[in-house]
Amino acid sequence: MTKWVYGFGNGKAEGAREMRNLLGGKGANLAEMSNIGLPVPPGFTISTEVCTHYYDNGRQYPAELENQVADGLKAVEKIVGAKFGDETNPLLVSVRSGARVSMPGMMDTVLNLGLNDVTVEGLAEQSGDRRFALDSYRRFIQMYGNVVLGVEHFLFEEKLEDLKDETGAVLDTDLTADHLATLIEHYKDIVREELDQPFPQDPQEQLWGAIGAVFNSWQTPRAITYRRLHDIPEAWGTAVNVQAMVFGNMGADCATGVAFTRDPSTGENIFYGEYLVNAQGEDVVAGIRTPQHLTIAGKQAQGSDLPAMEEVMPDVFQQLCEVRTLLENHYRDMQDIEFTVQKHKLYMLQTRSGKRTSQAAIRIACEMVDEGLIDSKTAVMRVEPQSLDQILHPRLDPDAKRDVISKGLPASPGAASGIIVFSADDAEKRAQNGEKVMLVRIETSPEDIHGMHAAEGILTTRGGMTSHAAVVARGMGRACVAGAGEIRIDYKAATFTVRGTTLKEGDWITIDGSTGEIMRGRVPTVQPELSGDFARIMEWADAHRRMTVRANAETPEDVATARQFGALGIGLCRTEHMFFDGDRILAVREMILAADEDGRRAALAKILPMQRGDFEEIFDIMKGLPVTIRLLDPPLHEFLPRERAEFEEIAADLGVDVDKIQGRAAQLHESNPMLGHRGCRLLNSYPEICEMQARAIFEAAVAVEKKSGEAVLCEVMVPLVSVKKELDLLRAVIDETAKAVAAEQGIAPKYTVGTMIELPRAALRAAEIAESAEFFSFGTNDLTQTTFGLSRDDSANFLTDYERRGILEHDPFQTLDRDGVGELIGIAAVRGREARDGIKLGICGEHGGDPASIAFCEGLGLDYVSCSPFRVPIARLAAAQAAIEAASR
């Protein structure tokens with residue numbers, strides 16, 4: 001019989017942390033905490049395999065599940081000494097989701113399950129606190145009504161606010177038992193009116209309703225969006241954790257909280273977290289009440305007047321500090337923990353590796369190496385490559401003028417400017433139109449995730465450092481300021497007001513997620529400093545990686561940036577980008593309009609010194625590192641204008657008839673230029689272009705070698721080859737030009753000739769092409785287009801739908817398609833190596849900066865990846881992680 005349910009509690013468990021794929025992260029860690037003796041309320045985990053079975057079988061459960069759940073409940077009843085559904089001594093449970101990786105706020109939770117009109121009286125009698133029992137019941141109706149029954153959350157909130165207004169209550173805790181009894185009846189009326197049926201009173205019906213809601217939440221739009229953004233496969237599914245309730249809302253000697261064993265924003269080794277007295281866990285993470293700090297130091301740092309847990313519950317706080325140390329030493333990583341205090345007794349509800357900013361991840365990894373907790377290899381694996389985006393871009397200029405209008409909590413570091421929008425839908429829509437937006441909300445919810453992803457930054461007026469907005473923003477690398485309580489938002493008027501200033505939708509604001517400051521207008525930025533811990537991580541990454549990382553760059557500025565970020569060469573220098581500047585474009589157009597070869601050569605002679613100068617600057621900056629220069633790739637019509645007025649301007653500049661220019665443009669027009677007269681096809685039609693570019697490369701290389709005394713490593717790349725003869729003819733031109741330059745300059749340039757593999761035929765005929773090519777650079781952008789028959793420029797409008805419907809797992813232009821494009825690369829690599837010993841292999845498409853694609857390249861044994869300059873550190877780290885993982889297999 002298949003085992004679907006795994007119990008934990010009372011100092012032992014049927015699971016362990018290594019079973020996260022089966023039990024989910026939460027279930028595996030609850031089992032682990034039980035095994036190491038921490039106070040964990042007993043419960044059981046329904047495995048992720050049930051979720052898979054549920055969706056594979058028309059949302060039906062395995063036949064054995066009902067009995068296994070019943071047995072799990074009996075085990076919990078025995079440990080707790082209470083019975084589920086009992087009128088006088090009821091066991092209450094929580095039902096929570098738990099995927100194998102953390103998805104904060106994305107899936108559903110139900111607390112206080114098992115309460116009804118009868119058991120609530122038993123709880124009141126048992127606890128001796130009728131107000132507590134009724135508070136738990138009203139929370140349960142609201143949560144179950146929303147999560148399981150689908151009643152809108154705001155309907156319950158409106159009744160709660162109305163009652164507080166009527167009674168003069170400021171906080172929920174100000175409501176008396178009689179007030180709560182009235183509220184419960186209102187809540188039950190809401191359910192009856194909305195669903196035309198009463199709130200369910202049978203605890204077993206409640207339990208299975210909640211279990212089904214958790215499994216169903218795996219396919220909610222917010223969970224699907226989160227999985228897509230974080231590359232979490234749908235097939236993983238979620239587990240369900242059913243656990244005995246412990247209560248943080250029984251009075252002043254009870255509390256609930258969330259803590260991180262180190263600061264998740266900065267990485268500083270301090271205990272960091274928040275708690276609320278007389279509350280349940282959802283109150284903290286939802287940002288419904290402003291939480292208090294755990295430590296006196298944290299309270300003082302934020303200027304809070306609210307007492308810290310260290311002051312209010314010193315004994316329990318000390319226990320929590322001991323748990324902090326134990327968990328960090330056990331897991332050897334920063335932990336995100338949830339806890340409840342019931343009658344001065346501490347209970348641990350969750351631990352998981354805490355989400356952190358890239359700055360924090362780097363600092364924590366380095367300091368844990370220094371503390372002897374982990375080695376450098378583990379430190380490299382602890383930093384998410386994509387997260388480096390957070391620190392590779394500018395921050396606010398400390399010397400710039402700032403019009404600070406308010407301050408909140410520094411919830412996620414980094415700086416951002418954008419125009420104010422008040423809804424997630426507007427944020428997404430305006431961002432798609434190219435606008436930079438700042439999402440401003442009273443508080444965010446999981447339904448806002450698409451707008452949070454689209455926004456430059458997030459500002460909320462409620463919530464703390466562990467609120468939904470803060471946790472999600474840190475995970476996404478978005479700047480966030482939370483809990484800016486001075487600000488008053490009017491959604492209807494689309495304005496917010498603070499300190500007498502009113503700003504409207506469309507106005508610019510800037511936030512600093514590192515200080516919590518909110519500023520009117522845009523504030524200038526400065527470049528990041530990549531030293532200290534960042535440099536250590538990169539040094540360790542370089543020591544562990546096998547592949548070289550190069551950059552795609554052609555301007556001196558980009559080449560210098562690439563060098564600063566640690567690129568060990570240029571993997572793609574697009575020479576056509578150099579043709580569009582000022583005087584050059586006129587010479588290029590003169591060449592295009594020339595009637596014969598002599599005319600073209602006269603125009604090319606004007607371009608030659610310009611290209612040579614460009615290459616000299618690049619070779620100077622790279623100081624002996626290899627530079628791959630791609631010869632002219634686009635079709636000639638791209639250098640001609642489209643509008644009549646522009647043609648007239650060119651005609652005047654060149655002193656030719658405008659009709660001649662338009663006629664030539666008409667001759668060059670192609671219906672499908674991506675597959676037309678471009679690359680090696682164009683160069684074979686006009687070999688004098690190839691000759692001019694080769695001469696510019698070699699003359700620049702010789703000039704730099706004479707100046708520095710160090711040889712320049714030129715790699716001349718011929719684009720769009722599909723037939724060996726195409727490369728042979730152009731290679732002859734290149735070789736002859738190199739001989740001519742050597743004879744003229746007295747120094748033979750050091751160079752190799754290769755090609756970009758960007759057509760399926762080239763990949764399949766790689767063996768014969770390798771007879772003439774000393775290197776292959778896989779141009780995965782065009783190879784993806786030609787393999788799929790997709791236009792990268794035109795496919796975006798349906799690829800998202802393809803991902804949503806499961807036709808494609810990823811956008812193939814962002815993450816390499818391993819099955820199709822990847823197989824072609826593999827074929828070309830094998831055949832190229834068989835034909836030429838020591839052939840150099842790399843990729844230079846956008847995939848060169850994508851960690852998943854880099855891992856694939858490591859598996860094929862490619863020599864290098866090349867990416868945009870700002871992604872070089874990401875690629876260095878991803879290459880190291882891929883090498884470490886490959887070595888461990």
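Q: Which residues in H14 are buried?
A: This is a predicted model, in which local features need pLDDT of at least 70, side-chain atom pairs count only at pLDDT 80 or more, and totals for chains, interfaces and linings use all residues. Residues are numbered from 1 along each chain as its sequence is written, and side-chain values use heavy atoms, with hydrogens and water left out. Buried means under 20% relative accessible area (1.4 Å probe, protein chains only). By this criterion, the buried residues in H14 are Ser358, Ala360, Ala361, Ile362, Ile364, Ala365, Cys366 and Met368.

Q: What covers the buried residues of H14?
A: Helices are DSSP runs of H or I with at least four residues, numbered from the N terminus. Contact means heavy atoms within 4.5 Å. The cover of the buried residues of H14 includes helix H13 (314-331), helix H15 (376-382) and helix H19 (533-544).

Q: How far apart are the end C-alpha atoms of helix H14?
A: The expected span of a helix is 1.5 Å times one less than its number of residues. Helix H14 (residues 358-370) has 13 residues, so it should span 18 Å. In agreement with this, its end C-alpha atoms are separated by 18 Å.

Q: Which residue just after H14 takes a positive phi?
A: The phi in question is about 80 degrees. The residue that takes it, just after H14, is Gly372.

Q: What percentage of the residues in the protein is buried?
A: The protein has 889 residues. Of these, the buried residues make up 56%.

Notes: Buried < 20%, exposed > 50% of the residue type's maximum accessible area, 1.4 Å probe, protein only. Helix = DSSP H or I, 4+ residues; strand = E, 2+ residues; numbered from the N terminus.
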